[in-house]
Amino acid sequence: MRILFATFWQIPHVGGVWKYMNQLKNRYELLGHTVDIIGFTQGHKALAVINRNIFIPTPAGQPPMAESNDPIIGSYSSLLDIYINCFKQIDLSEYNVIHAQDIFSSIAVNRLKHPQTATVTTMHGCVAQEIIDAHYHGQIENRSIEGVQYFCQLEKQGAEASDCTIVANRWMYEKLISQFDVSSQQLNILHYGYDIEAFTASAKETTNMKKPRNKKVIIFTGRFTPFKGVRFLIEALSMLKKTRHDWVCWLVGSGPEENELKKLVKEARLEKDIVFLGQRDDIPALLQQSDMLILPTLIENQPLSVIEAQLSGKAIIACQVGGVPEMIQHGMTGMLVPPKNAYPLYETIAYLLQEPAFLNNLGMRAKHFADDYWRLGPAIDRVIAVYQKALKTKQI
């Protein structure tokens, strides 16, 4: 088959979607398929099929704003128009399957596709909820009713546009049905797979970070955005510092909230205890040096950081949101805490530091689960089966 992965987001980028596409691409090509990836370049300067060096420049200057009383709608709407207009210049008839990775690319692809091309969309999270929370903050005076309706409509449209839609867990499946009125017949629940062999090899590589003597390493990996809830981790560690000093925390990543988080660390006088490591490509090796991963997230689908920590055999404390409870059995393969509350997070970290045997057992059980559950081969087979299901609709 000739397959096109399409994303609305800028590529390449750091995060689970980019890794998901590349893992599928690498494995598909070993099976004899041909795979291209299309998305915006950095700064939205072009729409590119990056592996074929095809670049379609976007209009110079600021894009014209779509007519709307809400500037957030105007921004996304105009960028979607640019995406679609650039996409029109790609010959889509050569592809057997186009696999969209978000609601925007799903909408674009299904407006432009060749009649005999099958389309599949993977919903990597609830984009509407993320945009609404990010831009309207849940505050009545700043919340645009028009904006909420617009992005919820996009979520439904994107979920229904393709021949088949993939979701990673039952949380997203039930959310699309109950909140966005998507038909269950449209949806296929397929959890992610992971290239465990490649991850294991990366974990053996060297890193310039070494675990301090007589201290446990607490690690966070991810984007520094309000969604990730890192400020609650800092608050919890501020409480922990009053009772224990046998730990250090590594914050791995970057993002728009980084300066604010550094300010919080300084105000709490934790500069020697919480270390910002920046964006890194040695996370598997860093996880080997750590003792527990913390994910204080406020909204999440199927976080890559949890998968990697499980494969590393590390204890995990994560917030009980989204699809996370489907990945972690509380008290067996990790610990779940309520979101937006630093105190339960503090209590759980303190307990694991106090009970090293339990800490180690959590990690061992997490690895035993991960080595079977996240195998890439079966996950690839399930996605290919969805492609075949979508292709059959073209033969009717």
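How many aromatic pairs does a search of the whole structure find? The search finds 21 aromatic pairs. Rings of Phe, Tyr and Trp (its six-membered ring) pair if their centres lie within 6.5 Å; planes under 30 degrees apart count as stacked, over 60 as edge-to-face and the rest as tilted.

This is a predicted model, in which local features need pLDDT of at least 70, side-chain atom pairs count only at pLDDT 80 or more, and totals for chains, interfaces and linings use all residues. Residues are numbered from 1 along each chain as its sequence is written, and side-chain values use heavy atoms, with hydrogens and water left out.

## The aromatic rings

Take Phe 8 and Tyr 83. Their ring centres are 5.3 Å apart and their planes stand at 70 degrees, so this pair is edge-to-face. Helices (H or I, at least four residues) and strands (E, at least two) are DSSP runs, numbered from the N terminus.

Another pair is stacked: Tyr 76 and Phe 104, with 5.7 Å centre to centre and 10 degrees between the planes. Tyr 76 sits in helix α2 and Phe 104 in helix α3 (residues 103-112), so the pair ties together parts 28 residues apart in sequence.

| Residue | Relative accessible area | Class |
|---|---|---|
| Phe 8 | 2% | buried |
| Tyr 83 | 0% | buried |
| Tyr 76 | 18% | buried |
| Phe 104 | 0% | buried |
| Thr 58 | 13% | buried |
| Cys 86 | 4% | buried |
| Cys 152 | 23% | partly exposed |
| Ala 198 | 36% | partly exposed |

One aromatic cluster takes in Phe 8, Trp 9, Phe 40, Tyr 76, Tyr 83, Phe 87, Phe 104, Tyr 150 and Phe 151.

## The sheet

Now the strands. Strands of a sheet pair through backbone hydrogen bonds, either parallel or antiparallel. Here, two strands count as paired if DSSP finds at least two bridges between them. Eight strands form an open sheet, with mixed pairing, in the order β4-β3-β2-β1-β5-β6-β7-β8. Which strands stand at the edges? They are β4 (54-57) and β8 (187-189); each has a single partner strand, so one side of each is left without a neighbour in the sheet. From one strand to the next, the twist averages 20 degrees. Axes are lines fitted to C-alpha atoms, for helices over the stretch in contact, and angles run from 0 to 180 degrees between N-to-C directions.

Strand β6 (residues 118-123) pairs with strand β7 (residues 164-167) in the parallel sense, over four bridges. Thr 122 stands opposite Ile 166 of β7. Two helices pack on the sheet. Helix α6 (residues 170-180) touches β6, β7 and β8, and its direction makes about 160 degrees with that of β8. Helix α14 (residues 376-392) touches β1 (2-10), β5 (97-100), β6, β7 and β8; its direction makes about 140 degrees with that of β6. Contact means heavy atoms within 4.5 Å.

In a regular strand the side chains alternate between the two faces of the sheet. Both faces of β7 are covered. Cys 164 and Ile 166 are buried on one side, Thr 165 and Val 167 on the other.

Strands β7 and β8 run parallel and are joined by three bridges. Thr 165 has Leu 187 as its bridge partner in β8. The chain crosses from β7 through α6 to β8 in a right-handed β-α-β crossover. Right-handed means that, with the strands pointing away from the viewer, the path from the first strand over the helix to the second runs clockwise.

## Cysteines and other residues

A disulfide is a pair of cysteine sulfur atoms within 2.5 Å. By this rule there are zero disulfides. Cys 152 is in none; its nearest cysteine sulfur, from Cys 126, is 7.3 Å away.

Thr 58 lies in the loop between β4 and α2. Apart from neighbours within four places in sequence, Thr 58 is in contact with Phe 40, His 44, Lys 45, Ala 46, Leu 47, Ile 82 and Cys 86.

The C-alpha atoms of Ala 198 and His 124 are separated by 22 Å, and the two residues are 74 residues apart along the chain.

Key
Buried < 20%, exposed > 50% of the residue type's maximum accessible area, 1.4 Å probe, protein only.
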